[in-house]
Amino acid sequence: QIFYIIGTVVKMKYYLITFPSTHSAMAGQSYLRDKIKFMIMPTLREISSSCGISIRILQEDFLCAKSLMEQSDIKGYKIYAIEGKQIELIFPVEEK
């Protein structure tokens with residue numbers, strides 16, 4: 001989503017769920033269907049080159065989506081926060 005406020009572009013924060021395979025992406029889509037609103041979109045090249053399909057979640061649906069994914073049997077997914085050109089891995093938390 002992009003909003004224009006007095007000539008300035010304001011990009012809204014969203015979350016992206018990525019998957020290790022097309023099969024798991026389709027399972028994620030099937031699992032989340034009818035539970036939350038989401039969009040299917042190509043995986044950003046800056047994030048991964050493994051599976052080209054990701055699920056885009058709006059900021060207000062993030063906590064519900066994260067909880068649902070944690071309850072699912074789907075393995076290997078990652079959740080990123082995207083705001084403008086900034087990308088942050090949210091789940092799983094990487095140890096430093």
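The following legends describe close-up views of a predicted model.

**Figure 1. Confidence of the predicted model.** The protein has a mean pLDDT of 87, with 83% of its residues at 70 or more. Among its elements, the highest mean pLDDT, 96, belongs to strand S3, whereas strand S1 (residues 2-5) has the lowest, 49.

**Figure 2. The aromatic pair of Tyr15 and Phe62.** Two aromatic pairs are present in the structure. In the pair shown here, the ring centres of Tyr15 and Phe62 are 4.1 Å apart and the ring planes meet at 20°, so the arrangement is classed as stacked.

**Figure 3. The aromatic pair of Tyr77 and Phe91.** Tyr77 and Phe91 are also stacked, with a distance of 5.4 Å from centre to centre and an angle of 20° between the planes. Tyr77 is located in the loop between H2 and strand S6 (78-83), and Phe91 in strand S7 (residues 86-91), so the contact ties together parts that lie 14 residues apart in sequence. The two residues are described by their relative accessibility: Tyr77, at 8%, counts as buried, while Phe91, at 21%, counts as partly exposed. The latter assignment follows because buried residues must fall under 20%.

**Figure 4. Charged side chains over tyrosine rings.** Arg56 is placed over the face of Tyr14, at 3.7 Å from the ring centre.

**Figure 5. The buried face of helix H1.** Helix H1 spans residues 22-32, and its buried residues are Ser24, Ala25, Gly28 and Leu32. Viewed down the axis of H1, these buried residues fall within an arc of 105°, so they line one face of the helix. In an α-helix, with 3.6 residues a turn, residues three or four places apart point the same way. The buried residues of H1 pack against S3, strand S5 (53-58) and H2.

**Figure 6. The other side of helix H1 and the residue that follows.** His23 and Met26 are exposed on the other side of H1. Just after H1, Asp34 adopts a positive phi of about 70°.

Conventions. Residues numbered from 1 in each chain as written. Predicted model: local features only at pLDDT ≥ 70, side-chain atom pairs only at ≥ 80, totals over all residues. Heavy atoms only, no water. Phe/Tyr/Trp six-rings, centres within 6.5 Å; stacked < 30°, edge-to-face > 60°. Helix = DSSP H or I, 4+ residues; strand = E, 2+ residues; numbered from the N terminus. Buried < 20%, exposed > 50% of the residue type's maximum accessible area, 1.4 Å probe, protein only. Lys NZ or Arg CZ within 6 Å of the ring centre and 35° of its normal. Arc of directions from axis to C-beta. Contact = heavy atoms within 4.5 Å. pLDDT = per-residue confidence, 0-100.
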